[in-house]
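Hi there,

Here is the structure I promised to pass on to you. Have a look at it first, and then read my notes below.

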Amino acid sequence: MIEKVILYSIVGIAVSVALSFLTKSTGDKIDADEQGAFHLKMNKLYLIAGLGGLIMGLVFLILIPLIADNTTMVIVFIVLLILSIAWGTGIPCLMYYKNHRLTFDDLTITVTNVYGKQKQIKWEGINNMKFSPMSGLLTITNKTDEIKIHQHLVGLSSFIDSVEKKTNWTAEKLKLPIQK
């Protein structure tokens, strides 16, 4: 019983520290490039978590069949379950780290999504913004397009400062968990 309490406490503390670190990095100062554009990318913790998930899945994929006396359907099920958990979290983390980008200037917002596809919206065309705490995505729409911005982009507060200057939305209205 005490082992479970200790395990759950360690997991809870690790998750709290990671989320605190991710939220703190949203307040990092980002400078504009020579053309006046800001470039935001995902936190390196996503790279670490992604690689960790891939390595953990690979270790279980190799070790469990070697440790087991004989390969049964139970062993196959356990390996597949662990792979789906480890790789199911690791691969999306790596994809977010590698692909998700936000570039904005005085005229436009350009987002590269998790799959590497780019969309652009002009500031003046924005007609709606909403934040989903379950997905961690800020959705911005105009008449024809929709872009989604992840809450853990390093320097997201710089973007939100521009949002507050150019639109009627604020971080408080959107209920964004960012550090200013």
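The side chains of Asp106 and Lys166 come together in a salt bridge, with 3.7 Å from N to O. The term stands for a side-chain nitrogen of Lys or Arg within 4 Å of a carboxyl oxygen of Asp or Glu. Asp106 sits in the loop between strand 2 and strand 3 and Lys166 in helix 4, so the pair links parts of the chain 60 residues apart. Helices (H or I, at least four residues) and strands (E, at least two) are DSSP runs, numbered from the N terminus. Asp106 is exposed at 60% relative accessibility, while Lys166 is partly exposed at 35%. For these words, buried means under 20% relative accessible area, exposed over 50%, and partly exposed in between (1.4 Å probe, protein chains only).

Before you go further, please note that this is a predicted model: local features need pLDDT of at least 70, and side-chain atom pairs count only at pLDDT 80 or more, but totals for chains, interfaces and linings use all residues. Residues are numbered from 1 along each chain as its sequence is written, and side-chain values use heavy atoms, with hydrogens and water left out.

How many salt bridges does a search of the whole structure find? There are 2. Glu146 and Lys148 also meet in one, at 3.9 Å from N to O. Glu146 is partly exposed, with 37% relative accessibility, and Lys148 is partly exposed too, with 40%.

Now for the inside. The largest nonpolar core has 34 residues, and those touching the most other members are Leu102, Ile109, Ile140, Ile149 and Phe159. Such a core is a set of buried Ala, Val, Leu, Ile, Met, Phe, Trp, Tyr and Cys residues joined through side-chain atoms within 4.5 Å. Among the elements giving two or more residues to this core are helix 3 (73-99), strand 3 (108-112) and strand 6 (137-141). Helix 4 gives the most, with 4 residues. Setting aside neighbours within four places in sequence, Ile140 is in contact (heavy atoms within 4.5 Å) with residues including Ile109, Ile149 and Phe159. A second, separate core of 5 residues includes Ile64, Ile75, Val79 and Leu83.

Helix 2 is worth a look as well. Its 24 residues reach 34 Å from first C-alpha to last, close to the expected 34 Å, which is 1.5 Å times one less than the number of residues. Which residues of helix 2 are buried? They are Tyr46, Gly50, Gly53, Gly57 and Ile64. Their cover includes helix 1 (2-25), helix 3 and strand 7. Leu58 is also in helix 2, but this residue is partly exposed, at 42% relative accessibility.

Ser157, in helix 4, is buried, with a relative accessible area of 6%. Leaving out neighbours within four places in sequence, Ser157 is in contact with Thr26, Gly27, Asp28, Ile178 and Gln179. Lys175 lies in the segment after helix 5 and is exposed, at 66% relative accessibility. Although Lys175 is not a glycine, this residue has a positive phi of about 60 degrees. Most residues other than glycine have a negative phi.

Enjoy exploring, and write back with any questions!
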